[in-house]
Amino acid sequence: MQQAGTMEISVGQWILILVLILVPLLYEWSATFKYLCKMAFYNGWILLLAVLAIPICAVRGRNVENMRILRFLLLHIKYLYGIKIEVRGWENFSLKEPYVVVSNHQSELDLLGMMEILPNRCVPIAKRELMYAGTAGLACWLAGVIFINRKKTDDAISVMSEAAQTMLREDVRVWVFPEGTRNHDGSMLPFKRGAFHLAVQAQVPIIPIVMSSYKDFYNKKERRFTTGKCMVRILPKVETRGLGPDEVPELADSVRKMMLATFLELSGEPSQSRDTCSQ
Ligand SMILES: CCCCCCCCCCCCCCC(=O)SCCNC(=O)CCNC(=O)[C@H](O)C(C)(C)COP(=O)(O)OP(=O)(O)OC[C@H]1O[C@@H](n2cnc3c(N)ncnc32)[C@H](O)[C@@H]1OP(=O)(O)O
Ligand SMILES: CCCCCCCC/C=C\CCCCCCCC(=O)OC[C@@H](O)COP(=O)(O)O
């Protein structure tokens, strides 16, 4: 029986106390644990923000204008992680017409740079799996994100051809990661050609975007994630008017060359090194 004036602590409470002591200690001592916590919070926070976004976006239904709401809700995340984003080349976004944005893809952190500069009425092309990422998937769907099935090339191509018509009909811009997957190795993968076919089919310009390497503050393999700075460059538009499907490979190669040179320059790498592409 509990005596007056004494207080018994249950097993559950002991566990809670231990967790409250151990977690901050581990967080300080182990870079890996810190990395895992930061990434878990990143995803969890986005899933939670999406809960907020869904009812607001649902008022309009599936609509590209909802992308502004997602952008607004996500813009503060860089402050939570102490990531400074420096953007140059805003003037290159001053086009009234639709265009295709192509950018390098290093990690899910690209979302921060993307939201920093996302133009109005601009939707990303995303892998279909993202649609099933719980609340984030639904928020993306409501914001008009274009989902493609990477396992079915024909399906992906027909979705992108449809996107070419939508861009012109509904004055929409499309953001594509032409590497087609995240690339953690501090370079740029060979480009897939979908984005360039899209621009040529719609006869709209391409605006290349380059985000500098995250190597100083983020490395997935080393499980390192600290504060840091990312530079984002919006490059001048590349015209596609008059080009046909036969010119797509050359177009893709020349845009990649330009982006890789900018990436290496921004990331402080020697310009002739680190091209993993054998084109
Ligand atoms: C609070 C809010 C919470 C929410 C927060 C979240 C919001 C933001 C979401 C951000 C999402 C970001 C997600 C990023 C991704 O998911 S990246 C992965 C998906 N994207 C891509 O894959 C795009 C790049 N891929 C391509 O362009 C590919 O070419 C693709 C069209 C997908 C086809 O790929 P694949 O099957 O691998 O085939 P190939 O690339 O080898 O192509 C085969 C041949 O077809 C030709 N081709 C390609 N596209 C077309 C086309 N549109 N028309 C005609 N022909 C086409 C291609 O050139 C190949 O032929 P050749 O070899 O050139 O002869
Ligand atoms: C109930 C289900 C809960 C599922 C939880 C899923 C957790 C997802 C949580 C939040 C989503 C965060 C959105 C981040 C957007 C960044 C998208 C991204 O970077 O996708 C990767 C894709 O470009 C390429 O994929 P791969 O590198 O080929 O792979």
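**Note on the two ligand sites**

1. The shell around ligand 2 in this predicted model is made up of 5 nonpolar, 4 polar and 4 charged residues. Here Ala, Val, Leu, Ile, Met, Phe, Trp, Tyr, Cys and Pro count as nonpolar, Asp, Glu, Lys and Arg as charged, and the others, Gly among them, as polar.

2. On conventions, local features need pLDDT of at least 70 and side-chain atom pairs count only at pLDDT 80 or more, while totals for chains, interfaces and linings use all residues. Residues are numbered from 1 along each chain as its sequence is written, chains are lettered from A and ligands numbered from 1 in the order in which they are written, and side-chain values use heavy atoms, with hydrogens and water left out.

3. Ligand 2 is surrounded by 13 residues, of which H105, K127, R150, T181 and R182 are the closest. A residue is near a molecule if one of its heavy atoms lies within 4 Å of it.

4. Polar contacts (pairs of N or O atoms within 3.5 Å) to oxygen atoms of ligand 2 include those from polar side-chain atoms of H105 at 2.5 Å, T181 at 2.6 Å and R182 at 2.7 Å. On its own, ligand 2 has 760 Å² of accessible area, and the protein covers 66% of it. Accessible areas come from the Shrake-Rupley method with a 1.4 Å probe.

5. Which elements give two or more residues to the shell around ligand 2? They are α2 (31-58) and α6 (134-142); α2 gives the most, with 3 residues. Helices (H or I, at least four residues) and strands (E, at least two) are DSSP runs, numbered from the N terminus.

6. Around ligand 1 there are 28 residues, and K127, T153, K192, R193 and H197 come nearest. This shell divides into 18 nonpolar, 6 polar and 4 charged residues. At least two residues each come from α2, α3 (66-74), β3 (122-127), α7 (153-170) and α8.

7. Oxygen atoms of ligand 1 lie 3.0 Å from a polar backbone atom of G194 and 3.0 Å from a side-chain N or O atom of H197. A nitrogen atom of ligand 1 is 3.1 Å from a polar side-chain atom of Q201. The protein buries 80% of the 1,300 Å² that ligand 1 exposes when taken alone.

8. R193 belongs to the loop between β5 (173-176) and α8 (194-202). R193 counts as partly exposed because its relative accessible area is 40%, where buried means under 20% and exposed over 50%. Its C-alpha lies 7.2 Å from that of V248, although R193 and V248 are 55 residues apart in sequence.

Notes
A polar contact is a pair of N or O atoms within 3.5 Å; within protein, one must be able to donate a hydrogen and the other to accept it, and residues adjacent in sequence count only if both atoms are side-chain atoms. Buried means under 20% relative accessible area, exposed over 50%, partly exposed in between (1.4 Å probe, protein chains only).
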